[in-house]
Amino acid sequence: MISLLLWRCPLCAMNDALTQDSRLWQADRLRCRHCLAWWRVRRVPGDNFYLRLMSTGVSGAALAVGTERSIGEWYDAMKQTLRLLPLHDPALSLLPGEALYLASGPVRLQVEEGDPLFFPHAPAMAGVDKRAVRAASAGQGRLFLTDRRLVWQGEGPPRVFPLVQLNSAYAVMDQGLALMVGMRLYMAHFLTESLLKWVTYLALVAGELAARTGRRIETSHF
């Protein structure tokens, strides 16, 4: 779906606001639930998808109605609106001076079967070849990204992953967000939102962390 790529309205900069309407015998329509702008979708076989702006809604955008761009060009326009702005979510208690940047909807988390953070009674797997380690479900919950840590809230107590221990964050299409924390691998499957949104925010936070501490986190290109 186009809304999983354009996870932020290029006009009003609202996250998770775009939805794609499929219409029988007519071109699909992409619309923003926040500013009410909408685009007509045109597919050119062997080339690309193009979006023609049909209404700017109430966004006050300077773009003229009728402006048509490829999805890649709209994606670039979307990226120009990106800022790390603190938000509030009552489900997460912040540390003094900590800023929350992203809070997920429902997520399924896969962890290594011997991870003591989730399975404290699992047998020790020190020295086991990583290729032999299987994934186990940690259930469904929510993921939070702050300027200092990733926090998983599901069954049981919250699990905290300090960003200084995060080595990499990569998008694995059709699977989820692969997180390497220390020497352990985690995979987050987002059920209702864009995987690319999380990779983008993690890359932005990683840039701030590197500037502040020198600690580098490898991320997918966004």
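Here is a quick tour of this structure's confidence, its cavity, its salt bridges and one serine. This is a predicted model, so local features need pLDDT of at least 70 and side-chain atom pairs count only at pLDDT 80 or more, while totals for chains, interfaces and linings use all residues. Residues are numbered from 1 along each chain as its sequence is written, and side-chain values use heavy atoms, with hydrogens and water left out.

**Confidence**

- The protein chain averages a pLDDT of 90, and 94% of the residues score at least 70; pLDDT is the predictor's confidence in each residue, from 0 to 100.
- Confidence is lowest in α1, with a mean of 87, and highest in β6, at 98.
- Those labels come from DSSP runs numbered from the N terminus: helices (H or I) have at least four residues and strands (E) at least two.

**The cavity**

- Rolling a probe the size of a water molecule over the atoms shows where empty space is left.
- A cavity here is a set of points, on a 1 Å grid over the protein atoms alone, where a 1.4 Å probe fits but cannot get out; lining residues have an atom within 4 Å of a point.
- Grid points are joined across faces, edges and corners, and a volume is the space filled by probe spheres set on the points.
- By this rule there is one cavity of 30 Å³ or more, and the largest cavity has a volume of about 60 Å³.
- Its lining is made up of Leu109, Leu143, Phe161, Leu179, Val181, Tyr186 and Ala188.
- Strands β12 (176–181) and β13 (184–190) each supply at least two residues of that lining.
- The lining has seven nonpolar residues, no polar and no charged ones (nonpolar: Ala, Val, Leu, Ile, Met, Phe, Trp, Tyr, Cys and Pro; charged: Asp, Glu, Lys and Arg; polar: the others, Gly among them).

**Salt bridges**

- The structure holds eleven salt bridges, each being a side-chain nitrogen of Lys or Arg within 4 Å of a carboxyl oxygen of Asp or Glu.
- One of them joins aspartate 16 and lysine 197, at 2.8 Å from N to O. Aspartate 16 sits in the loop between α1 (2–5) and β1 (18–21) and lysine 197 in helix α3 (residues 195–213), so the pair ties together parts that are 181 residues apart in sequence.
- Aspartate 16 is partly exposed at 35% relative accessible area, whereas lysine 197 is buried at 2% (buried is under 20%, exposed over 50%, partly exposed in between, with a 1.4 Å probe and protein chains only).
- Asp16 and Lys197 also belong to a salt-bridge network with Glu193.
- Another bridge pairs glutamate 68 with arginine 42, their closest N and O atoms being 3.0 Å apart. This one links distant parts of the chain, from strand β5 (residues 68–70) to strand β3 (residues 38–44), 26 residues apart.
- Both partners are partly exposed: glutamate 68 at 27% and arginine 42 at 38%.
- Glutamate 98 and arginine 149 make a bridge too, with the closest N and O atoms 2.6 Å apart. Glutamate 98 lies in the loop between α2 (71–79) and β6 (100–103) and arginine 149 in strand β9 (residues 149–153), so the pair ties together parts 51 residues apart in sequence.
- Here both residues are buried, glutamate 98 at 8% and arginine 149 at 10%.

**Serine 3**

- Serine 3 lies in helix α1 and is buried, with a relative accessible area of 13%.
- Leaving aside residues up to four places away in sequence, serine 3 touches Leu18, Thr19, Gln20 and Leu30; contact means heavy atoms within 4.5 Å.

Terms used
On a 1 Å grid over the protein atoms alone, a cavity is a set of points where a 1.4 Å probe fits but cannot get out, and a pocket is an open set with protein on both sides within 12 Å along at least five of seven lines; lining residues have an atom within 4 Å of a point.
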